[in-house]
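Here is a short briefing on a two-chain model. Look at the structure first, then read on.

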Amino acid sequence: MRLLDGLRVLDLADEKGELCGRLLADLGADVVRLEPPAGALSRRLPPFAPDGRTSLYFALRNANKRGITLDLATATGAALLERLAVHFDVLVESHAPGFLARCGVAPEKLLADNPALVVTSITDFGQTGPYRDYAGTDLVGFAMGGLLHRAGAASRPPVVAPGALAYDSAGVTAAFATLLAYWQRLRTGRGQHVDVSVMESVANLSDWQLPNHSQTGQVGHRDGAGIYALYPCADGFVRMIVLVAHHWKALLAWMGNPPELADPAFEQFLVRLLRRPEIDPHIARFFADKKKIDVAREAQARGIPVTPLLEPGEVIGNEHTAARGTFRGLELAPGLEAQVASGFLELDGKRSGPRERAPFPGEHNAQVFGEIGLREAELSALRAQAVI
Amino acid sequence: MGQGEARPLSGLRVLDFGVGAVGVEVGRLFADYGADVIKVESGTAPDFMRAIIPGGMNASFASSSRSKRSLGVNVKTRRGLELVERLIRDSDVMIENNGAGVMERIGLGSERVRALNPRMVYFRSSLPGSRGPWSSWIGYGPSTHPVSGLQWLWNYPEDADRPAGSTNIFPDHLVGRLGAFAALAGLIARERSGRGVVAEAAQFEVAAQFLGDWFARESLAPGSVRPRGNASERGAPWGVYPCAGEDEWCAICVRSEAEWQGLRAELGDPEWARRPELATGLGRVRHRAEIDEHLVEWTRELPPHDVMRRLQARGIAAGVVAHAHHHLVDPHLAERGYHLLVEQKPLGTLVLEGPAFHGSALAEPVARPAPMLGEHTRELARERFGMSDAEIDALVAEGVLEEWKPEPPA
């Protein structure tokens with residue numbers, strides 16, 4: 001049994017919202033990914049497998065889903081969506097605001113047909129407000145949400161995070177919002193339309209900069225690793241965050257209590273911050289001939305928060321991720337087995353993550369449309385009209 | 001927006017043993033939607049977020065513990081632990097993100113909690129996770145960046161040997177949202193099964209999950225995954241461009257032929273943009289450096305919001321690289337009700353982050369001030385333990401309960 005067994009989700013989200021359905025599917029929901037007959041845009045997004053064709057972006061965010069195709073731009077397709085939606089608890093979509101209404105399947109209409117439905121819309125800026133119709137990308141969301149401004153060296157342009165953190169953050173936020181609305185429906189019997197904004201999803205992660213600014217008028221600036229310092233070692237870097245006095249005392253003891261750092265004022269975080277130029281050379285010298293993994297192990301044994309800077313291959317292959325099963329082999333396409341991140345959560349000690357590869361376009365058409373009562377003859381007609 | 005709706009999580013009782021950001025943000029999201037969230041804490045081991053600035057209250061804490069009540073109790077005393085066990089028996093959700101083994105040593109590990117209350121939905125999170133050779137490692141949000149691959153990849157492509165670094169606490173706030181999602185899923189399942197669940201997220205692992213497609217590629221073609229900076233193979237120009245003003249930037253992404261034509265028109269179709277090698281998407285990606293050189297000449301004369309508005313009017317994805325002041329005065333956020341005001345003693349009026357989503361039948365969050373440590377101890381001891389003031393006074397005197405008292409007026 002999984003937590004969301006029995007929850008039926010129709011997932012129209014592309015690129016910016018695909019992780020929402022993946023998270024629901026990981027926890028056991030029956031998620032049906034609906035794409036245009038030509039396949040979703042996100043099937044053409046990097047990164048690609050070495051075959052140059054298989055989008056790993058799509059593969060990871062659509063694992064555990066079933067797949068159907070439907071052309072919403074046709075009247076027949078829109079009517080079929082309306083018919084489908086009656087059979088689901090949740091519909092997730094990420095079209096531009098107003099697109100579904102123009103197809104004749106506005107969220108209000110879907111709710112009129114199925115008042116218990118939760119419709120979750122994930123868009124760059126939300127369904128209202130002056131930016132509603134602005135175009136967005138992951139980079140634009142990361143920028144406007146406020147995470148980009150404090151990333152990168154002070155003397156360089158801000159640098160965006162790898163992956164699609166803005167869009168995936170919206171996916172996580174949407175998964176929470178969807179279950180919140182579903183929980184309310186369990187109590188009231190009523191569904192609703194949920195409006196998730198990528199910009200606001202990212203802004204919610206921006207480290208309380210807004211309340212701090214509203215109090216002090218100050219704005220945080222880009223400063224490399226800043227107070228979360230990176231130190232070079234013999235074979236790379238470690239990050240050491242000496243936040244409280246006992247971290248500092250443990251570090252001094254490890255370094256053999258150098259007299260230059262004996263000033264008790266250094267026990268205060270703000271003093272250390274202001275006098276870093278006095279402190280850092282000693283630390284750098286102490287780490288210079290040690291390997292990053294040895295520095296991390298010894299520091300952690302002494303209660304100092306140090307982590308080694310690992311390259312991607314070192315993340316996949318280290319003793320900790322191996323012991324935890326952080327990655328697992330999964331066939332992403334016929335003959336293409338890769339190591340995939342094995343899931344965000346453990347539930348009662350069991351990993352909840354990708355079990356089944358992402359579907360091909362329309363792979364489950366006969367099955368899913370069959371479940372809502374379409375007969376083979378009707379499906380053939382729809383295929384002939386290129387509606388599915 | 002849903003007005004006049006009952007808040008969906010009202011009636012749920014949440015015990016928040018969070019520190020820093022992860023657990024604390026889970027509690028905040030539950031409080032936003034009406035749950036009765038009790039921050040269980042003690043001056044003997046205070047949440048470091050309270051302690052970073054003297055006085056026990058700051059804007060970060062005020063945001064992340066909004067609308068909660070604080071119970072000051074020392075669980076290292078036998079009587080204190082008994083009282084918390086009583087709370088556990090009649091609560092629905094418990095949240096913690098302390099280091100490995102901390103809750104077990106107190107006597108409130110997941111096994112014990114489950115024995116006390118089989119219906120408890122227990123969310124816990126730590127940097128390394130509770131299993132594996134590094135499970136005793138400690139750290140903060142930024143400590144996850146190096147071990148998850150995020151740090152090495154979050155860089156300018158030419159600087160792979162010199163980490164760029166960021167001061168974002170990521171992924172703490174996002175793990176908070178993931179935790180709230182997991183806890184809700186646990187509550188939904190409990191409606192059927194009658195049983196609770198222990199949900200766990202290792203923070204470094206969450207950061208790695210978001211890079212899952214890149215790790216898959218690395219496993220298929222070792223060494224092929226490198227820092228990519230702000231560029232994309234999807235198009236050019238694509239990146240972050242300096243604008244007029246100090247440290248002001250605008251992100252611009254040109255994805256299609258139509259958008260390229262729109263950009264050309266907006267720039268007055270300069271000669272460089274008409275060159276045949278820039279006529280195709282592939283050609284523009286190949287000549288991105290050259291395009292960027294020209295585009296910067298245009299952007300650096302204009303404030304970032306002008307660049308954004310002018311390009312968006314042409315259908316081009318463009319957005320200012322926002323900082324907190326931009327968010328404070330942003331007309332879009334204002335219109336969508338993002339600015340949530342709270343009177344927070346002793347700081348004054350604060351603007352908190354509002355919701356990232358709205359629902360047509362969802363009550364909007366209302367923020368109440370975050371509590372001082374032990375501010376609601378007496379209220380909660382009366383309400384949940386049925387204690388008299390004399391009993392409460394005695395437990396405060398013994399150091400079992402901790403109570404905040406306002407400073408007498410000078």
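Where in chain B does Lys68(B) lie? Lys68(B) sits in the loop between helix 3 (59-64) and strand 3 (69-73) of chain B. Helices (H or I, at least four residues) and strands (E, at least two) are DSSP runs, numbered from the N terminus.

This is a predicted model, in which local features need pLDDT of at least 70, side-chain atom pairs count only at pLDDT 80 or more, and totals for chains, interfaces and linings use all residues. Residues are numbered from 1 along each chain as its sequence is written, chains are lettered from A and ligands numbered from 1 in the order in which they are written, and side-chain values use heavy atoms, with hydrogens and water left out.

**Around Lys68(B)**

- Lys68(B) is buried, with a relative accessible area of 1%. Buried means under 20% relative accessible area, exposed over 50%, and partly exposed in between (1.4 Å probe, protein chains only).
- Leaving aside neighbours within four places in sequence, Lys68(B) is in contact with residues including Asp16(B), Val24(B), Pro369(B) and His376(B). Contact means heavy atoms within 4.5 Å.
- The side chains of Lys68(B) and Asp16(B) are joined by a polar contact of 2.7 Å. A polar contact is a pair of N or O atoms within 3.5 Å; within protein, one must be able to donate a hydrogen and the other to accept it, and residues adjacent in sequence count only if both atoms are side-chain atoms.
- Lys68(B) and Leu174(B) are 106 residues apart in sequence and 20 Å apart in space, C-alpha to C-alpha.

**Chain B overall**

- Chain B has 19 helices and 13 strands.
- The C-alpha trace of chain B spans about 85 × 50 × 45 Å along its principal axes.
- Of the 410 residues in chain B, 63% are buried.
- Among contacts in chain B with a separation of 6 or more, 69% come from residues 24 or more positions apart.

**Interface of chains A and B**

- Contacts involve 145 residues of chain A and 152 residues of chain B.
- About 13,200 Å² is buried between chain A and chain B, and carbon and sulfur atoms give 65% of this. Buried area is the accessible area (1.4 Å probe) that two parts lose on being put together, summed over both.
- Phe176(A), Trp183(A) and Trp208(A) supply 7% of the area that chain A buries against chain B, more than any other three residues.
- The interface holds 72 residue pairs in polar contact (both at pLDDT 80 or more).
- Helix 7 (residues 165-188) of chain A gives the largest share of the side of chain A that touches chain B, 15 residues.
- That side of chain A divides into 82 nonpolar, 40 polar and 23 charged residues. Ala, Val, Leu, Ile, Met, Phe, Trp, Tyr, Cys and Pro count as nonpolar, Asp, Glu, Lys and Arg as charged, and the others, Gly among them, as polar.
- Strand 12 (residues 345-347) of chain A and strand 6 (residues 197-202) of chain B run antiparallel, joined by two bridges. Two strands pair if DSSP finds at least two bridges between them.
- Leu347(A) stands opposite Ala199(B) in that strand of chain B.

**Salt bridges**

- The count over all chains is 73 salt bridges. A salt bridge is a side-chain nitrogen of Lys or Arg within 4 Å of a carboxyl oxygen of Asp or Glu.
- Eleven salt bridges cross the interface of chain A and chain B. Among salt bridges, Asp213(B) pairs with Arg61(A), with the closest N and O atoms 2.8 Å apart.
- Arg177(B) forms a salt bridge with Glu25(B), at 2.9 Å between the closest N and O atoms. The pair links helix 9 (residues 172-193) and helix 1 (residues 22-32) of chain B, 152 residues apart. Both Arg177(B) and Glu25(B) are buried.
- Glu379(B) and Arg69(B) form a salt bridge, with the closest N and O atoms 2.6 Å apart. Glu379(B) is in helix 18 (residues 377-385) and Arg69(B) in strand 3 of chain B, 310 residues apart.
- Glu379(B) is partly exposed at 36% relative accessible area, whereas Arg69(B) is buried at 10%.

**Chain A elements**

- Nine of the nine residues of helix 1 (residues 18-26) of chain A are buried, so this helix is largely enclosed by the rest of the structure.
- Just after helix 1 of chain A, Gly28(A) takes a positive phi of about 110°.
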